[in-house]
Amino acid sequence: MRLRRAIQAAAILPALFAASACSGEPVDSDGKKPPATAKSTPGPADADTKAAAEAKRVGAMAPQALERVTLSGKTHGFEAKKVAEADIEAGRDMKADKSECQPLASLAGGFTHTPAVVVEHRALEPTEAKNATVGSMWLASHSEQNAKKVLAELRTSLKECPGGFKTLGLTYKSVKPVKASDLGDEAVGYRITNVIGKQKATMTYTVVRKDGVVAVFYGVNMLTPMDSAIPEAVVRAQVERLG
């Protein structure tokens, strides 16, 4: 049980660092937080309405449709769970110190570098005690043109950024392409190592495009890093739901 908790903590550690880096709040000169100002902020319903209109305009999958096709529950040895909005937003603005690495940095934060119309995130937790691979996945809804652009620029980034990059105080090293999935319309696979102090975590990404949806799968295995990819069966189960 302790080992499982340690593995799960290692998987979310980069997100926790991102959250702390993004959570600074302004203070007055006397060290106190300024009083909250009364202002109207858009609610979830407003955001969904706006995203639905944009999806219709560009021919992308709408928010409700994307949520319906996103994996939830148990499948092929993993359980897909909803992710807290605060944890998701922590990685939205991860900027690489090298512009050519930005597609990789954005994926490390849980988003595509070209903003999507809407994104659905899921944590992926193993259901078997002997499985040490944990991770996450997300579906990003784009126009088909933008989805193709995301994959093309990711391939370019892999070629131009083999030494890695830094973002929000995090260091990513040793970017290496791996065999891509044959699912969807096109796919990209790569492995990258995150360094936090003396701790290293090797992560494997599988990125699949189906029409205008970019599906990203991220896995980490602290015991056997080369086995960190989310299994093909899980990827297939998700891609098949996209039609």
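This dialogue walks through a predicted model of one protein chain.

Biologist: What should I know before reading the model?

Modeller: The model is predicted: local features need pLDDT of at least 70, side-chain atom pairs count only at pLDDT 80 or more, and totals for chains, interfaces and linings use all residues. Residues are numbered from 1 along each chain as its sequence is written, and side-chain values use heavy atoms, with hydrogens and water left out.

Biologist: How many helices and strands does the protein chain have?

Modeller: Helices (H or I, at least four residues) and strands (E, at least two) are DSSP runs, numbered from the N terminus. The protein chain has 7 helices and 9 strands.

Biologist: What share of the protein chain is buried?

Modeller: Buried means under 20% relative accessible area, exposed over 50%, and partly exposed in between (1.4 Å probe, protein chains only). Of the 243 residues here, 45% are buried.

Biologist: How do I read a disulfide, and which residues does it join?

Modeller: A disulfide is a covalent bond between the sulfur atoms of two cysteines. The rule here asks for a pair of cysteine sulfur atoms within 2.5 Å. That gives 1 disulfide. Cys101 is joined to Cys161, with S to S at 1.8 Å. Cys101 sits in the loop between helix 4 and helix 5, and Cys161 in the loop between helix 6 (144-160) and strand 5 (165-167). They are 60 residues apart, so the pair links distant parts of the chain.

Biologist: Why is the disulfide called right-handed?

Modeller: The torsion about the S-S bond of Cys101 and Cys161 is about 95°, so the disulfide is right-handed. Both Cys101 and Cys161 are buried.

Biologist: How do I read a pocket?

Modeller: Rolling a probe the size of a water molecule over the atoms shows where empty space is left. On a 1 Å grid over the protein atoms alone, using a 1.4 Å probe, a pocket is an open set of points with protein on both sides within 12 Å along at least five of seven lines; lining residues have an atom within 4 Å of a point. The largest pocket holds about 910 Å³ of space. Of its 35 lining residues, Glu85, Glu89, Arg92, Val118 and Val119 are the closest to its centre.

Biologist: Which element gives the largest share of the lining?

Modeller: Helix 2 does, with 6 residues.

Biologist: Is His76 buried or exposed?

Modeller: His76 counts as exposed, at 52% relative accessibility. Its loop lies between strand 1 (73-75) and strand 2 (78-82). Phi of His76 is near 50°, a positive value in a residue other than glycine.

Key: Points joined across faces, edges and corners; volume = space filled by probe spheres on them.
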